[in-house]
Amino acid sequence: GYTERYYNITTNSSGAMTSCNCEYRDTQDDFSGTETLTMRYDSGNRLLELTATEEETDEGIVYSYRTTFAFTWNGNDITRIVVTDFESEGDYIEDEFVQELTYEYGSNPETNNGIVYAGFVIDLDFMQYAGLFGRTTAHIPVSMAETTTHNSTPREYTVSVDKDGQGRSTA
């Protein structure tokens, strides 16, 4: 089975997480690893940077990863996220990958009454919902475009608002 444990969680005075550690193990597929997350915010508690460093052992081979998410805000809406990913085996860098996500909010943006966050860090969505990544966007994004070092692939992203004014999204 698969298990993961988050510990040493630190927060800023607004309750947003500034760092944490994680251990995980998969006994079925024989891999385990550790991860450290660090976050930096501006004075408005908007997430500016999230860095994840990870070391994983898979069938006796040690792999290292570092992913950095850099956020650009316009007021209280995220307009751009640049994701830089490095993967290495020992001293050899196997892959460097850069992804850029850009968000649009439309001419008449819907207010974000819930915890809709411009999508990133899929594995940590439970932390987003708990409010541990600081301020969410003020509005619900209506579109997202994705560009990578390997290609440029527009991704469809649609948003609807329920009767309580809560945003629901599908990608």
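Modeller: Glu89, Glu94, Asp95 and Glu96 form a patch of negative charge on the surface. Such patches join like charges within 9 Å, from residues with over 30% relative accessible area and no salt bridge. Strand S7 (residues 92–104) supplies the largest share of this patch, three residues. This is a predicted model, in which local features need pLDDT of at least 70 and side-chain atom pairs pLDDT 80 or more, while totals for chains, interfaces and linings use all residues. Residues are numbered from 1 along each chain, and side-chain values use heavy atoms, without hydrogens and water.

Biologist: How many salt bridges does the structure hold?

Modeller: A salt bridge is a side-chain nitrogen of Lys or Arg within 4 Å of a carboxyl oxygen of Asp or Glu. The structure holds three. One of them joins Arg5 and Glu23 at 3.2 Å, N to O; Arg5 lies in strand S1 (residues 2–11) and Glu23 in strand S2 (residues 17–26), 18 residues apart. Another pairs Arg46 with Asp42, with the closest N and O atoms 2.8 Å apart.

Biologist: Is Arg46 buried or exposed?

Modeller: Buried means under 20% relative accessible area, exposed over 50%, and partly exposed in between (1.4 Å probe, protein chains only). Arg46 has 19% and is therefore buried, whereas Asp42, at 23%, is partly exposed.

Biologist: Which side chain has a polar contact with Glu56?

Modeller: A polar contact within protein is a pair of N or O atoms within 3.5 Å, one able to donate a hydrogen and the other to accept it; residues adjacent in sequence count only if both atoms are side-chain atoms. The side chain of Glu56 meets that of Tyr24 at 3.0 Å. Glu56 is buried without a salt bridge, and Arg25, the nearest side chain of opposite charge, is 11 Å away.

Conventions
Patches are made of residues with over 30% relative accessible area and no salt bridge: like charges are joined within 9 Å, nonpolar side chains (Val, Leu, Ile, Met, Phe, Trp, Tyr) within 5 Å. Accessible areas come from the Shrake-Rupley method with a 1.4 Å probe; for residues, only the protein chains shown count as cover. Lys and Arg count as positive and Asp and Glu as negative; His and the chain ends are not counted. The place of a charge is taken as NZ of Lys, CZ of Arg, CG of Asp or CD of Glu. Helices (H or I, at least four residues) and strands (E, at least two) are DSSP runs, numbered from the N terminus.
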